[in-house]
Structure formats: structure tokens, C-alpha cells
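Work through the exercises below with the sequence and the model in view. Try each task before reading its solution.

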Amino acid sequence: MANAAVPASGAIGMCFTGNFALTMMLEPSMLAPVLSQPSLPLNDPAGIEIAPEQVKAVRERLEREDLTVLAYRFEGDKFCMAQRFAAYREALGDRFIGRVLPDSAANRDVPPFFRHFVTTPHSVVTVHLIDEAGQPTIAARDEITAFFRQRLSTASG
């Protein structure tokens, strides 16, 4: 667990910042990393945008401190494809918990930018979230919130 003098933190990285929450695991206070549709690098669907020595250090910490990384994407997302989640799984093993939502779970009433440039479901807990009970995107949001509460309340005693 994190040093008692260092406050515990959680983060959700989305899209271009998706991998930031993983890299932040190099900071001892980070206990609850969430990657939501991590999209970089755009030119390498299996890339995970973290240096090999850093991912090794993160995995060692995850193992040592019994921590996990949550991650979310839509099945047909053209910016965060299945290859990326496979690469995270390979790099982090069972410490990576990837959730793939069906495209049918995405809100289709989106702003013009998304209609024109992000033509597949992408933003799990923002633009493509359907804010109704029983929806998979609400379940994802609730799982993230519970993850933060559990990790951060455990850290504070």
C-alpha cells in the first residue's frame, strides 16, 4: 500500500490521455488506475504508449501491492482496438481487467464532431454513455466509481 504520509489517488485516463493513469502507477500514491478507450499510439493498434522499463516497473508494483488496472473500450472502436487490450493483457497479466462493451450499448445521439470524426462508439463514460439504469455504460461508470471508493478508502484506513 501507499506510504501513509502520501495521499492515495486514482485517475481515469480517456482517449489520448488513456494511458496516463497507467504511467501514473510509477507514483506511489496512485492506487486506482482506469484506462478508458486508451487511443495512443494512433498508428499502432497494439501499442501501449509506455516504455518497456516503465511497464515492467508498473507490473512489479501491481504484483507486489496486489493492485489492478481497469480498462474499458467499445468492441468496434477504431481508435482503441482489441489488439491494444491484448497488448495490455500481455504486459500486465491478470492485473489488467479489460472490459469490452458491445457497440449496441453506445449512445448514438452525439455531437457533430463525433458524428463526423469519431464514427464508431468510443467514449465509454462520456459522449457515448447512456444515462439510464441498466445500461452497460452506466454499469461501467458505477464499476469505476466503486473501484475508486474501494481502493482509496482502503488506503486511508
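**Exercise 1. Find what lies across S2, S3 and S4, and give its angle to S4.**

Solution. Helix H3, residues 82–92, lies across these strands. Helix H3 runs at about 165 degrees to S4. Axes are lines fitted to C-alpha atoms, for helices over the stretch in contact (heavy atoms within 4.5 Å). Angles run from 0 to 180 degrees between N-to-C directions. Helices (H or I, at least four residues) and strands (E, at least two) are DSSP runs, numbered from the N terminus.

The model is predicted: local features need pLDDT of at least 70, side-chain atom pairs count only at pLDDT 80 or more, and totals for chains, interfaces and linings use all residues. Residues are numbered from 1 along each chain as its sequence is written, and side-chain values use heavy atoms, without hydrogens and water.

**Exercise 2. Give the strand order of the sheet and name its edges.**

Solution. Start with the order: S1-S2-S3-S4, four strands in an open sheet. The pairing is parallel; a pair needs at least two DSSP bridges. Next, the edges: S1 (9–14) and S4 (96–101) each have a single partner strand, so one side of each lacks a neighbour in the sheet. The twist averages 15 degrees from one strand to the next. Now zoom in: three bridges join S2 (30–36) to S3 (69–74). Leu 35 stands opposite Ala 71 in S3.

**Exercise 3. Decide whether Val 58 is buried or exposed, and list its contacts.**

Solution. Locate Val 58 in helix H2, residues 52–64. Its relative accessibility is 0%, so Val 58 counts as buried (under 20% relative accessible area; exposed is over 50%, partly exposed in between; 1.4 Å probe, protein chains only). Leaving aside neighbours within four places in sequence, Val 58 contacts Leu 22, Met 25, Leu 26, Ile 50 and Leu 92.
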